[in-house]
Amino acid sequence: IDVVEADQVKGLEFDYVIIVEVSAFHYPDTSHHRRLLHVAATRAVHQLWLTSCATPSSILPQILK
């Protein structure tokens, strides 16, 4: 298990990726946070899991809300 910041995974791949707390607070709708979430989410080879205890980020597609 590797626990890393989203900005440290560019260029890497992982079989499974869990992005913790994809909330509106941690991922507001800005170009920087869109890019950061995109990089983190596209590292998954087999499965991607997103979690959020608060209001999900508006960056996420409507189907996930």
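Author: Helices (H or I, at least four residues) and strands (E, at least two) are DSSP runs, numbered from the N terminus. By that reading, the protein chain has 1 helix and 2 strands, and from the N terminus on the elements run β-α-β. This is a predicted model, in which local features need pLDDT of at least 70 and side-chain atom pairs count only at pLDDT 80 or more, whereas totals for chains, interfaces and linings use all residues. Residues are numbered from 1 along each chain as its sequence is written, and side-chain values use heavy atoms, with hydrogens and water left out.

Reader: Is Phe25 buried or exposed?

Author: Buried means under 20% relative accessible area, exposed over 50%, and partly exposed in between (1.4 Å probe, protein chains only). Phe25, whose place is in the loop between S1 and H1, has a relative accessible area of 70% and is therefore exposed. Of the 65 residues of the chain, 26% count as buried.

Reader: Which residue forms a salt bridge with Asp29?

Author: A salt bridge is a side-chain nitrogen of Lys or Arg within 4 Å of a carboxyl oxygen of Asp or Glu. Asp29 is paired in this way with Arg34, the closest N and O atoms being 2.8 Å apart, and the count by this rule comes to 1 salt bridge. Asp29 counts as partly exposed because its relative accessibility is 45%, and Arg34 counts as partly exposed at 42%.

Reader: Which elements give two or more residues to the lining of the largest pocket?

Author: On a 1 Å grid over the protein atoms alone, a pocket is an open set of points where a 1.4 Å probe fits, with protein on both sides within 12 Å along at least five of seven lines, and lining residues have an atom within 4 Å of a point. The largest pocket is lined by 22 residues, of which Val4, Glu5, Ala6, Ile18 and Ile19 lie nearest its centre. The elements in question are strand S1 (14-19) and helix H1 (31-41), and S1 gives the most, with 5 residues.
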